[in-house]
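Please look over the chain below before reading on.

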Amino acid sequence: MEILHSLDLWLLIGSLLVLAGIASSLVATRFGAPMLLVFLALGMLAGEDGIGGIAFEDYRLTYAVGSLALAIILFDGGLRTRLDQVKGAVAPAVILASLGVALTAALTAIAVRQLLGLGWAESLLMGSIIASTDAAAVFFLLRANGLHLQRRVGATLEMESSSNDPIAIFITLTLIGMLGIDHDATWLELAAQLARQVALGGLVGWLGGRCIALALNRLELPSGLHPLLAVAGAVAVFAFSNVLGGSGYLAVYLAGVVIGNRPVRAFANVLSVQDAATWLAQMVMFLVLGLLVTPSRLLESAWVALAVAAFLMLIARPLAVALCLAPFGFRKREIAFISWVGLRGAVGIFLASIPMLVGIENAQLYFNIAFVVVLVSLLVQGWSLSWAADIFDVAVPRRDPPSRRIELDLPGQLEYELVGYRAEDGSAILTDDSQLPAWASPVLTVREGRVMTPESAGKVRAQDYAYFLAPLGRVIRLDWLFAEPAQAREVERATFGEFSFQGDIPLGTLAEFYGVQVPARQAHLTAADLFAKQYDDQPQIGDSLRFAGITLVVRQLQDERVIRVGLKFSARHAPPARVQSWRERWAHVRRKRTRGQ
């Protein structure tokens, strides 16, 4: 009976920690704190040196929980990676995820060797543990902050963080083997092992993703089981790849990419449940890692760890990013932002727990330094993410339309989704000049309790419930038409500005009318041409770009072509990018955020 009582007690403690994490997320959102940091702090408070006093040192359980959580998080990242929107980011992301990680580890090893006097193998092990950016931290903080980044910058960051774990894990495990039991391994053997992990991981991920997609589409499952099948299949792909000697992390991410870029039944439900699973995985992982650490031990190497964190954030990561992205034509501000968003998270602490599990020399030192580096990264880089996006001018001033969309699954077909809206008084859909996109097919209208065909219902009226068939991924345009009018007008003014014009007007004519300067080589181009070039021929409503002292914003599209553009002026009819000094730029960002509050 004591065993049963103990299990119940642990279940109670675990559930209370999760509930505390959910409640604290509301506080974190109110004060702009990185929620992952809040989860980590909760675990530390419940730990040995905190008010909870729980002595937790089970590194084997930590490894298991961390592996499962990372698999779910990486699968979620793959599901949301749209290959048709990130084609310009694949090459730089791959270079950053491979060569960038190796360079960061090597540069950090130089600092560790100077600070701690360790050998080169030990220093490189420390560098590799904290070399990779963390997918959980990057995905979570970018989305939690509501940031819309320039497409190439955002895609590069997300793809890099999703795919750089395998190389960091490989280097870490290889060095642990060399320091522990496998001193005789040659570099050729190590390179062959890396190639095998990447090849097997890629193959298992691709095949596993195809099998999961096939099962989702072919099996007639009871309602609600499709998301469970997807998550369970992803974990199976992860574990199977590891058993074969491949990279499970690469495999599960690729499986998500394959599923996310194929027509899949109940995909909206899969994403909805995946959101909850990813939240729970991140929360549990950071709570467990917080429980594992003993803050009093961190003080023994705190100053050295802070020095390593500063070197990593200010020298090693920026230098590695600059070298890797030099051939790809990124602007200096974009390189600076990508360097700054080298967020460290659970992966670093997770990798640092492996030396503790194996029991090699200096294992506690590796763990303490890694934990402090992650803590500093979440505090400094995570908290300043939105500020950095504004300072380096990579944030896109896009706000998602406020809407109450109803999504319905359509069994037996994979290309369309059925969505419904209630037409509020004053909604854009009710105005005479509003037009439904050609791809939106009206299905039915519910008016005063009666179900009507589109032909008998005619034009949408106030208080109608209108349902449409729409291609996957395009319904955000309908959101704008059915948004609640008061919120829609506020969002419209903030997003599009007070003025608008046709997208096919030459920029030279526009510049002459508003009295701004435009380079002669661009005078013959139209705003539609600029957006097509900037956004890989796939602009979205709300996408923007700076041009000759003004901001142009996509207001209306037709067949992926910009046909109407909003125009916004700065307070002094000059763009923030023209501010002369970094101090003035910082002051400008602070004024803008103060006005926004």
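**Overview**

The protein chain holds 24 helices and nine strands, where helices (H or I, at least four residues) and strands (E, at least two) are DSSP runs numbered from the N terminus. This is a predicted model, in which local features need pLDDT of at least 70 and side-chain atom pairs count only at pLDDT 80 or more, while totals for chains, interfaces and linings use all residues. Residues are numbered from 1 along each chain as its sequence is written, and side-chain values use heavy atoms, with hydrogens and water left out.

**Whole chain**

- Of the 597 residues in the protein chain, 50% count as buried; buried means under 20% relative accessible area, exposed over 50%, and partly exposed in between (1.4 Å probe, protein chains only).
- The protein chain exposes about 28100 Å², of which carbon and sulfur atoms supply 61%; accessible areas come from the Shrake-Rupley method with a 1.4 Å probe, and for residues only the protein chains shown count as cover.
- Among contacts (heavy atoms within 4.5 Å) between residues at least 6 apart in sequence, 76% join residues at least 24 apart.

**The five-stranded sheet**

- Five strands form an open sheet in the order β1-β2-β5-β3-β4, with antiparallel pairing; two strands pair if DSSP finds at least two bridges between them.
- Strands β1 (406-408) and β4 (450-452) stand at the edges with a single partner strand each, so one side of each is left without a neighbour in the sheet.
- Antiparallel β1 and β2 (residues 416-422) are joined by three bridges, and Leu408 stands opposite Leu418 in β2.
- Seven bridges pair β2 with β5 in the antiparallel sense, and Glu417 has Ala470 in β5 as its bridge partner.
- Strand β5 (residues 465-471) is mostly covered, five of its seven residues being buried.
- Strand β3 (residues 441-447) runs antiparallel to β5 and is joined to it by five bridges, with Phe468 in β5 as the bridge partner of Pro442.
- Leu444, found in strand β3, is partly exposed at a relative accessible area of 28%; leaving aside neighbours within four places in sequence, Leu444 is in contact with Met452, Pro454, Tyr465, Ala466 and Tyr467.

**Nonpolar surface patch**

- Leu9, Leu12, Leu16 and Leu19 make a nonpolar surface patch of about 380 Å²; patches are made of residues with over 30% relative accessible area and no salt bridge, like charges being joined within 9 Å and nonpolar side chains (Val, Leu, Ile, Met, Phe, Trp, Tyr) within 5 Å.
- Leu19 has its place in helix α1 (residues 2-31) and is exposed, with a relative accessible area of 52%.

**Salt bridges**

- The count comes to four salt bridges, each being a side-chain nitrogen of Lys or Arg within 4 Å of a carboxyl oxygen of Asp or Glu.
- Asp464 and Arg447 form one of them, with the closest N and O atoms 2.8 Å apart; the pair links distant parts of the chain, as Asp464 is in the loop between α19 (454-457) and β5 and Arg447 in strand β3, 17 residues apart.
- Asp464 is buried, with a relative accessible area of 2%, and Arg447 counts as buried at 5% relative accessibility.
- Asp529 and Arg561 meet in a salt bridge (2.9 Å, N to O); Asp529 lies in helix α23 (residues 527-534) and Arg561 in strand β9 (residues 561-569), so the pair ties together parts that are 32 residues apart in sequence.
- Arg331 forms a salt bridge with Glu334, the closest N and O atoms being 3.4 Å apart; Arg331 counts as partly exposed at 34% relative accessibility, whereas Glu334 is buried at 10%.
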